[in-house]
Amino acid sequence: MAWVKLFKRPGGGLGKTYQPGSMMSLALTKGLLNEPGQNSCFLNSAVQVLWQLDIFRRSLRQLPGHFCLGDACIFCALKSIFTQFQHSRERALPSDNLRHALAETFKDEQRFQLGLMDDAAECFENILERIHLHVVSNAEAEVCTSRSCITHQKFAVALYEQCVCRSCGASSDPLPFTQLVHYVSTTALCQQADRVLEKSERHRSETLRSCCRRRAPSGISEIAR
């Protein structure tokens with residue numbers, strides 16, 4: 001495989017630099033084209049994330065078949081890009097086929113249409129959902145247990161939502177659901193970062209004041225002399 005060469009070192013085998021299951025990716029880095037007016041940056045970001053996930057890349061390559069939808073087949077288009085990533089000598093590759101397949105698939109919802117910008121995280125999630133349908137077309141996304149479904153075997157997390165009263169302890173029935181992507185509010189993330197920084201700064205100030213108090217008697221005695 002072409003990308004392995006990047007991690008081989010003189011006098012050392014691949015096993016010394018990469019272990020299966022580690023966070024290191026063996027993927028050769030290539031770019032994806034985004035010509036003026038295409039606005040494909042959101043799609044290219046999602047594709048690059050999937051490509052850099054070794055477990056996803058290997059699993060996709062090993063799948064024997066899928067339910068093809070022709071020109072609207074996201075599975076075929078994604079696998080084609082991955083093949084080009086692996087074998088092409090070009091430094092930047094087009095994602096046109098996948099962009100067209102995505103637009104055709106979601107034309108009724110008017111999402112991910114040609115020339116229009118969209119959300120990268122939502123694109124990533126929808127690609128995963130479509131792969132599920134291409135691999136296991138007769139299984140509901142919420143209850144899929146197929147071992148051949150990359151989407152649910154590698155990404156799905158089973159969660160339960162339940163409301164509990166802080167006063168009396170009464171609780172609602174747990175509502176199970178499956179989550180492929182966990183969304184975090186940017187505002188909430190920034191607020192949490194501010195709280196951490198504020199706490200760190202407060203701790204630092206208290207430490208400095210404590211040090212000054214401990215040194216004060218010595219300083220006063222020196223002045224008295």
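View 1. Asn126 is in contact (heavy atoms within 4.5 Å) with Phe106 and Phe112, leaving aside neighbours within four places in sequence. The residue is found in helix α5. Helices are DSSP runs of H or I with at least four residues, strands are runs of E with at least two, and both are numbered from the N terminus. Asn126 has a relative accessible area of 16%, so it is buried. Buried means under 20% relative accessible area, exposed over 50%, and partly exposed in between (1.4 Å probe, protein chains only). This is a predicted model: local features need pLDDT of at least 70, side-chain atom pairs count only at pLDDT 80 or more, and totals for chains, interfaces and linings use all residues. Residues are numbered from 1 along each chain as its sequence is written, and side-chain values use heavy atoms, without hydrogens or water.

**View 2. Helix α3, residues 74-87.** The end C-alpha atoms of α3 are 20 Å apart. Buried here are Ile74, Phe75, Ala77, Leu78, Ile81, Phe82, Phe85 and Gln86. These residues pack against β1 (31-32), α1 (41-52), α2 (54-62), β2 (92-93), α4 (96-105) and α5 (120-135).

**View 3. Cysteines.** The structure holds 0 disulfides (pairs of cysteine sulfur atoms within 2.5 Å). For Cys149, the closest cysteine sulfur is in Cys144, 3.9 Å away, too far for a bond. Cys149 is buried, at 1% relative accessible area. Cys41, at 35% relative accessibility, counts as partly exposed.

Definitions and conventions:
Expected span 1.5 Å × (residues − 1).
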